Amino acid sequence: MLAGPSGVGKGTLRARVLSDIDNLVYSISCTTRAPREGEREGVDYRFISKEEFMNRERQNLFLEHAAVHGNFYGTLREDVEREMEAGHDVLLEIDVQGARQIRELLPESVLIFIAPPSAAVLEERLRRRRTESEEQIALRLENAKKEMEQSSDYSHVVLNDTLERASEALRGIVLSYRNETDECQ
Ligand code: 5GP
């Protein structure tokens with residue numbers, strides 16, 4: 001599972017790792033956030049209303065969920081269970097609150113924190129993507145500080161300095177767990 005501050009490049013890394021590793025599937029989260037330009041329903045997220053989100057929460061349909069930067073995000077329990085039963089490894093890209101919940105529920109999960117090279121680089125990346133208002137950028141940077149403080153709770157920290165290096169490190173981590181599992185069988 002990938003966690004880390006907004007703007008750190010989790011999405012890009014995720015795409016790279018998914019195309020590089022067989023049998024790894026991405027769990028598409030639900031969110032109450034409005035789609036950004038270019039984002040597609042059912043591909044990037046399932047975009048749902050706040051009301052629908054609350055409804056699903058009441059029905060206990062989420063494996064984990066959290067309020068992040070003023071919106072709600074959640075992973076559907078059924079999606080993860082279906083893929084795990086089919087023998088796939090499931091990649092979640094979630095925030096640190098969700099990571100905490102997953103750690104408790106599925107202690108065997110592999111938690112990977114994606115860290116930016118510096119606060120300045122993170123700010124630059126957030127500004128460059130031009131998808132957030134000034135207010136949202138400030139909120140995301142503030143939250144990033146808190147998230148960074150929790151990075152030591154993770155099994156691995158990958159520094160996203162260059163896409164090449166970080167995706168290679170990530171790939172190595174995922175494959176090392178597979179080898180370990182194979183050796184135990
Ligand atoms: P964004 O709005 O930039 O797509 O995502 C904001 C934050 O929410 C990111 O840190 C992202 O990883 C996190 N996030 C996305 N989906 C989920 C989810 O299903 N659960 C949780 N807990 N966080 C999520």
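Me: How far does a polar side-chain atom of Tyr73 lie from an oxygen atom of the ligand?

Reply: A polar contact is a pair of N or O atoms within 3.5 Å. In this predicted model, the distance for Tyr73 is 2.5 Å. The side chain of Tyr45 also has an N or O atom 2.6 Å from a ligand oxygen. For Thr75, the corresponding distance from a side-chain N or O atom to an oxygen of the ligand is 3.4 Å.

Me: How much of the ligand does the protein bury?

Reply: The ligand taken alone exposes 510 Å², and 96% of that is buried by the protein.

Me: Which residues around the ligand come nearest?

Reply: There are 20 residues around the ligand, and those that come nearest are Ser29, Arg33, Tyr45, Glu64 and Tyr73. By class, the shell consists of 8 charged, 7 polar and 5 nonpolar residues.

Me: Where does Glu64 lie, and is this residue buried or exposed?

Reply: Glu64 belongs to strand β5. The residue is buried. To judge whether a salt bridge is present, one looks for a side-chain nitrogen of Lys or Arg within 4 Å of a carboxyl oxygen. Glu64 has no such bridge, for the nearest side chain of opposite charge, that of Arg100, is 10 Å away.

Me: Which side chain does a polar contact of 2.5 Å join to that of Glu64?

Reply: The partner is Thr75, whose side chain makes this 2.5 Å polar contact with the side chain of Glu64.

Key: Residues are numbered from 1 along each chain as its sequence is written. This is a predicted model: local features need pLDDT of at least 70, side-chain atom pairs count only at pLDDT 80 or more; totals for chains, interfaces and linings use all residues. Side-chain values use heavy atoms; hydrogens and water are left out. A residue is near a molecule or strand if one of its heavy atoms lies within 4 Å of it. A polar contact is a pair of N or O atoms within 3.5 Å; within protein, one must be able to donate a hydrogen and the other to accept it, and residues adjacent in sequence count only if both atoms are side-chain atoms. Accessible areas come from the Shrake-Rupley method with a 1.4 Å probe; for residues, only the protein chains shown count as cover. Ala, Val, Leu, Ile, Met, Phe, Trp, Tyr, Cys and Pro count as nonpolar, Asp, Glu, Lys and Arg as charged, and the others, Gly among them, as polar. Helices (H or I, at least four residues) and strands (E, at least two) are DSSP runs, numbered from the N terminus. Buried means under 20% relative accessible area, exposed over 50%, partly exposed in between (1.4 Å probe, protein chains only). Lys and Arg count as positive and Asp and Glu as negative; His and the chain ends are not counted.
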